[in-house]
Amino acid sequence: MSGNLFSLFEERARSAPRSAFLTSPRGAPWSEVDYSYADLLERSGAFANLFAQTGVRPGDRIAAQTDKSPDALFAYLGALRVGAAYLPLNPGYTDEETAYALSDASPALFLCRPEASGRLSPIAAASGVKTTLSLGVAGDGEAQTLARDCDAAFKTISRAPDDLAAILYTSGTTGRPKGAMLSHENLRSNCEALRDIWRFSEDDALIHALPIFHVHGLFVATNVCLAAGARMRFLPRFDAEEILRLMPEATSLMGVPTFYSRLLARPDLTLERAASMRVFISGSAPLSPETHDRFKARTGHAILERYGMTETGMIASNPYDGDRKPGAVGFPLPGVEVRVTNEAGRPAAEGETGGIEVRGPNVFKGYWNRPEAAETEFSDDGYFRTGDLGHFDASGYLFIDGREKDLIISGGLNVYPAEVEAALDRLPSVAESAVIGAPHADLGEAVLAVIAPETGAAPDAKEVIKSLRANLAGYKVPKKIVVIDALPRNAMGKIQKSVLRQTYEDAFGPRSAE
Ligand code: MLC
Ligand code: AMP
């Protein structure tokens, strides 16, 4: 079999072409409602033919900044089939953020939202992109119009396991975002391992309410379903009411912790409502033991928490059978090696916190165009340093205790303070800034900026936020700005973020939603 990840999906699809692949909820904005696995083969085949006709060659990149829709998924699969690396971009990015990723990755083709096409086509052209086509949620883009005239049959291009299947941009603690290169083997090994340990099969119906431009919604939720021949109830976005309506006809849900705390806020989340569900899975951010316990009390289900990251896919998971420990992220996935290294650079003892390091077929191939950037993140014996801190308990469960990297995770989305601070420091009224995450009942953590003004300036929080919006995607913009005379510093002159975190611990009110 070819190393192309799509071959795995294709084998499944051809074995049961009439099975449902994707069904839509009430009022979905796309033109057709339900798709079978035969439809998947045809639609992705037509897109693959279109991409080849526009000049995309194996090894090229196809960037997509589209709203969530079945066609956006078929375009992803078409990109795999034509042998290109798929590069999804958050549609919430500002033009500056988009232009940066496009010029760095130089894709052969850029797919964007119809309403953004007029604005983004020249930006893409200036970034070296040869072709830009729009792709809309209701079949209303140039790519869809052209694909309708393309042959639905396409012989999937053979790829080696190490060839690139995707590039995902992820910000860093320093500098600009970097493109994490993921191979066909990275994605295949991970989705097969997850399918098996979570027991996904053709009998499953997954409620898919995550965005599809991240690892979680695309490579975990979607790829696992495709590798199992399962069905997806495909929601345009998170919608607690719709999820609860669909629950009695579904078997599984994957989400970030905010999904679960928002579901808990609904009185109609009950034992009966969740009776047909087989598994609720959480990841991308810490699930509080309190949410875990409340969800179990309400539905009878212990949420299965897992841990991963863009560069590594999924690393560890609580067991399907056996104890799903609140606060733990479980055991390393089959084939994945995880170790904890203490400050002295030695293996940490049981219960001792240290840096979490990972090695295995899931670990990425480095950063696009930046061979040096990944080098420092790998140990001599090939372990990737995640930047997360954790420990193993006596039973071998991994716990995440914190992060070495200066990172905020807000509703499952990563915000790197360095990027927000750089944008703040460019404002004439700001002398210096420190951006921290403060506990937030809905988002887990929310972004808070503490700024010290330039002499004589009196920055207005509303104006500061307005200025930031021009440069940063909405989720990165601080939810609160605090102005103080001077930032606390230690004897070495370093800003004491720990002091700020303590001072503003309650800035967003009590931690718990209740
Ligand atoms: C949206 N907004 C957020 C936000 N999501 N602000 C902070 N944090 C967030 N997570 C902002 C928007 O910019 C917008 O602001 C306003 O909130 C309303 O937007 P919305 O789209 O209506 O928000 P909402 O529906 O409430 O979305 C919240 C959410 C969503 C939690 C449902 O963010 C979500 O689906 N998160 C999942 C992210 C995810 O898939 N993470 C996986 C990463 S992969 P404005 O002002 O612009 O209008 C990974 C690896 C792994 O981490 O292990 O999985
Ligand atoms: P990303 O760069 O978006 O892939 O985010 C990856 C980061 O999310 C990891 O390095 C962790 O810090 C965090 N993360 C993912 N899953 C969990 C989890 N279950 N518990 C705590 N943190 C998590």
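Me: What distance separates an oxygen atom of ligand 1 from an N or O atom in the side chain of arginine 262?

Reply: This is a predicted model, in which local features need pLDDT of at least 70 and side-chain atom pairs count only at pLDDT 80 or more, while totals for chains, interfaces and linings use all residues. Residues are numbered from 1 along each chain as its sequence is written, chains are lettered from A and ligands numbered from 1 in the order in which they are written, and side-chain values use heavy atoms, with hydrogens and water left out. An oxygen atom of ligand 1 also lies 2.7 Å from an N or O atom in the side chain of arginine 237. For the side chain of arginine 262, the distance is 3.0 Å.

Me: Which element gives the most residues to the shell around ligand 1?

Reply: The shell, meaning residues with a heavy atom within 4 Å of the ligand, holds 23 residues around ligand 1. Among helices (H or I, at least four residues) and strands (E, at least two), taken as DSSP runs numbered from the N terminus, those that give two or more residues are H10 and E13. With three residues, the largest contributor is H10.

Me: Why is helix H10 largely enclosed by the rest of the structure?

Reply: Buried here means under 20% relative accessible area, with exposed over 50% and partly exposed in between (1.4 Å probe, protein chains only). The buried residues of H10, including Phe259 and Tyr260, pack against helix H9, strand E11, strand E12 and helix H11, where contact means heavy atoms within 4.5 Å. Helix H10 (residues 257-264) is largely enclosed because the number of its eight residues that are buried is seven.

Me: Which residue's side chain makes a polar contact with the side chain of threonine 341?

Reply: Threonine 341 is placed in strand E16 (residues 337-341), and it counts as buried because its relative accessibility is 16%. A polar contact is a pair of N or O atoms within 3.5 Å; within protein, one must be able to donate a hydrogen and the other to accept it, and residues adjacent in sequence count only if both atoms are side-chain atoms. At 3.2 Å, the side-chain partner of threonine 341 is glutamate 357.
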